[in-house]
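Hi everyone, thanks for making time this morning. Please have a look at the screen.

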Amino acid sequence: MSTFQELGLNEDLLHAITDLGFIAPSEVQQKAIPVLLEEERDLVALAQTGTGKTAAFGFPMLQKIDINSRTTQGLILSPTRELCLQITNELKLYGKYCKGLNVVAIYGGASVTEQAKQIKKGAQIVVATPGRMKDMISRKLVDISKIQYSVLDEADEMLNMGFYEDITDILAHTPMDKSTWLFSATMPKEVASIAKKFMYDPIEITVGNINESTNQVSHEYYLVNGRDRYLALKRLADANPDIFSVVFCRTKRDTQRVAEKLIEDGYNAGALHGDLSQNQRDLVMKSFRNKQIQMLVATDVAARGIDVDDITHVINYQLPDEIETYTHRSGRTGRAGKTGVSMVIVAKSEVRKIKSIERIIKKQFEKKDIPSGMEICEVQLMSLANKVHNTEINHEIDPFLDSINELFEDTDKNELIKKFFSVEFTRFFNYYKDSKDLTVSDSGESKTREQSADEVRYFINVGRKDGYDWMSLKDFLKAVLELGRDDVFKVDVKDSFSFFNTEKELQEKVLNFFTDFKYNGRFVNVEVTENKGRSGRRDRKRSKKGRNDKPRSERRSRRSEGSSKRRSGDARKNRHSVSDRPRRSRRK
Ligand code: AMP
């Protein structure tokens, strides 16, 4: 692996790279930077966002332009305002020691006069969205007749968004002998035709395989009745208490509707689509970055600019019209070395699309069942138990301990634990106690899941945070327990813990093995759980007893999933109120 020095970058850029904390060049940087520095060549790079492609074209451009000149020498076209600003900011960071550098962003929805003023000061690099750029060219507010380098970033998206004509018009105002560097996540024929039309003998580089989704992302699909789509979405969110996700809808209307319903139902959700004003979009993105929003419901176009590294889940509430768009969606998760899950909620009529996507991403989907109500209750309970276990004691409580102890004088430890956890559990239980099975079988019927009496379901205290997905956890368990291919099944990985099943005859072996088992210096704890992972019936009955423990302080009863009565919209006004879902605490 080469270093940034070995790529041939100058001292100013290396200095900035040290400040940024970049240790080694990424794959796209290693492949692109040396060629772009050494030669005046066109380039086609197949690379997704998150691979470091901005620096791959940014460093060579910054090194090659003449900073002492005020002429515009570099033009970068990108599909959205968000991306445009993001690239501008990155370039400013990379060029912070290049004295006299002026990078200007040009995009719609902001003052043309102000942008023209910035350009007039002498911008060596202009980063622009195609629509506003074309507008400013026609008003002679920007001169790109002397540029030496042009970049088409996220070319496939720009074409998806209908910018073909704008791009060709803009390029017609640039010199013939400039170098053009095209970056795209996918290579549909429209992009290939742009490359053919505007580029001469380009060097081609590929990071990962064309159209292939990153290895960090696992793909799952859930077959439901179309009318249960929204309930399924809520269950997926509830089954993943620490979810931080983008939920994709096909239209602006659906995006707004789903976000509104989620907010009404007490989720930390927000909508992002083109009908919102720029100000509203900025506010939503700010809340998302701060993690005040856990579920960002977005259209494909609006989500283009999302540059957030730790998204845990992408949920395809509806599949995109163009299946190639799936790669963009799923690429929002599994970034910066983290793992992620891309979930698709599909109705029977769309299942064949899954097969087409598999061919494009060259990866298999796992068909999963929508978690049952009791599975969700269990996940929520174990998540809370883990949080309590890992919580640092706040000694500000100490002065009140005597009074609390007095109150619980006659309560033994077991009872106290039960009461404590009932606070949260009862809310989820009441909500889900009469919930139906949402998964439908391949034949389209609602599926009544078979529960084998010979299966055992286990809880294990490792999860996604430890770098596992269902496949790697299954492999790990099979390896350490020396089990066969199908001995471990129904593996369900959550953030800090997971579940899996084996046949009952393996129970002793599994539990014996995990007594005192340490991995990476940490005890791995495995316990048998009551839930079988596929049906709630037995547990439901057992847990009903627990309802008598319902703490008096429970805030408000809410309707069950099965009820059709809609609540009034007051929950939206008071986002801290409990609405018709079992709320989890808000994230900070
Ligand atoms: P991009 O693919 O250009 O959107 O980059 C994704 C993120 O990776 C940005 O936040 C960059 O600042 C960061 N980045 C780019 N190159 C490197 C590198 N070599 N090492 C670490 N982070 C990087």
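Helices H16, H17 (401-407) and H18 (413-432) each give at least two residues to the lining of the largest pocket. A helix here is a DSSP run of H or I with at least four residues, numbered from the N terminus. A pocket is an open set of points on a 1 Å grid over the protein atoms alone, with protein on both sides within 12 Å along at least five of seven lines, and a lining residue has an atom within 4 Å of a point. Before going on: this is a predicted model, where local features need pLDDT of at least 70 and side-chain atom pairs count only at pLDDT 80 or more, while totals for chains, interfaces and linings use all residues. Residues are numbered from 1 along each chain as its sequence is written, and side-chain values use heavy atoms, with hydrogens and water left out.

How much volume does the largest pocket have? About 1200 Å³, counted as the space filled by probe spheres set on grid points joined across faces, edges and corners. It is lined by 31 residues, and Ala-385, Val-388, His-389, Phe-420 and Phe-421 are the closest to its centre. Where does the pocket lie? Domain 3 (374-432) and domain 4 (455-575) both contribute to its lining, so it lies between them; those bounds come from an automatic or database domain assignment.

A cavity is a set of points where a 1.4 Å probe fits but cannot get out. Domain 3 and domain 4 each provide at least three.

Finally, the ligand. A ligand nitrogen is 2.9 Å from a polar backbone atom of Ala-24, and a ligand nitrogen is 2.7 Å from a side-chain N or O atom of Gln-29. A ligand oxygen lies 3.3 Å from a backbone N or O atom of Lys-53.

Definitions and conventions:
A polar contact is a pair of N or O atoms within 3.5 Å; within protein, one must be able to donate a hydrogen and the other to accept it, and residues adjacent in sequence count only if both atoms are side-chain atoms.
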